[in-house]
Structure formats: structure tokens, C-alpha cells
Amino acid sequence: METGDLAGGTPPGEHVAVIDVDGNIYGAEGSTEWLGDAGATVVGILVITWAIWGW
């Protein structure tokens, strides 16, 4: 099974704890995928604010 969220040093065949959320597999220690969404949201808010207020 492939995940983009497990530590890069996890060798094939090693057993690791994971969490399955609607078919998406995450490492049990948590995920950092939300950082991309948070960054995009902040940039979007700044762009909209600049477009409205001209900052």
C-alpha cells in the first residue's frame, strides 16, 4: 500500500500503525497534509483582500 504521508525511512514490509479515513491512509502520529490547504487559504484571503481594498 502506498501513502505519501509515512516517514521516508519506512522500509517495505515493516508494520506500522495507520489511520484509514475514507480510504485515505495516514500515519498514526498525524498528518501534515493540512499545511498545504491552510497555506492556500491564507494566500486566497490575501489576494481577495488586496483585490477589494487595493493594499
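## Questions on a β-β-α chain

Tutor: W53 lies in helix 1. The model is predicted.

Student: Why is W53 called exposed?

Tutor: Exposed means over 50% relative accessible area. W53 has a relative accessible area of 60%, so W53 is exposed.

Student: What makes I48, I52 and W53 a patch?

Tutor: Patch residues need over 30% relative accessible area and no salt bridge, and nonpolar side chains are joined within 5 Å. I48, I52 and W53 form such a nonpolar patch on the surface. Together they have about 390 Å² of accessible area.

Student: How do you know that helix 1 lies largely in the open?

Tutor: Buried means under 20% relative accessible area. Of the 20 residues of helix 1, the number buried is zero, so helix 1 lies largely in the open.

Student: What share of the chain is buried?

Tutor: Buried residues make up 7% of the 55 residues. The accessible surface of the chain comes to about 4,700 Å². Carbon and sulfur atoms account for 63% of that surface.

Student: How do you know that the span of helix 1 agrees with its number of residues?

Tutor: The expected span is 1.5 Å times one less than the number of residues. For the 20 residues of helix 1, that gives 28 Å. The end C-alpha atoms are 28 Å apart, so the two values agree.

Student: What follows helix 1?

Tutor: G54 follows helix 1, and its phi is positive, near 70°.

Student: Why are strand 1 and strand 2 called paired?

Tutor: Pairing needs at least two bridges. Four bridges join strand 1 (residues 18–21) to strand 2 (residues 24–27), so the strands pair. They run antiparallel.

Student: What lies between the two strands of the hairpin?

Tutor: Two residues lie between strand 1 and strand 2. In the turn, D22 has a positive phi of about 50°.

Student: Where is confidence lowest, and where is it highest?

Tutor: Confidence is lowest in strand 2, at a mean pLDDT of 76. Helix 1 (residues 34–53) has the highest, at 93. The mean pLDDT of the chain is 81, and 82% of its residues reach 70 or more.

Note on methods. Residues are numbered from 1 along each chain as its sequence is written. This is a predicted model: local features need pLDDT of at least 70, side-chain atom pairs count only at pLDDT 80 or more; totals for chains, interfaces and linings use all residues. Side-chain values use heavy atoms; hydrogens and water are left out. pLDDT is the predictor's confidence in each residue, from 0 to 100. Patches are made of residues with over 30% relative accessible area and no salt bridge: like charges are joined within 9 Å, nonpolar side chains (Val, Leu, Ile, Met, Phe, Trp, Tyr) within 5 Å. Accessible areas come from the Shrake-Rupley method with a 1.4 Å probe; for residues, only the protein chains shown count as cover. A salt bridge is a side-chain nitrogen of Lys or Arg within 4 Å of a carboxyl oxygen of Asp or Glu. Buried means under 20% relative accessible area, exposed over 50%, partly exposed in between (1.4 Å probe, protein chains only).
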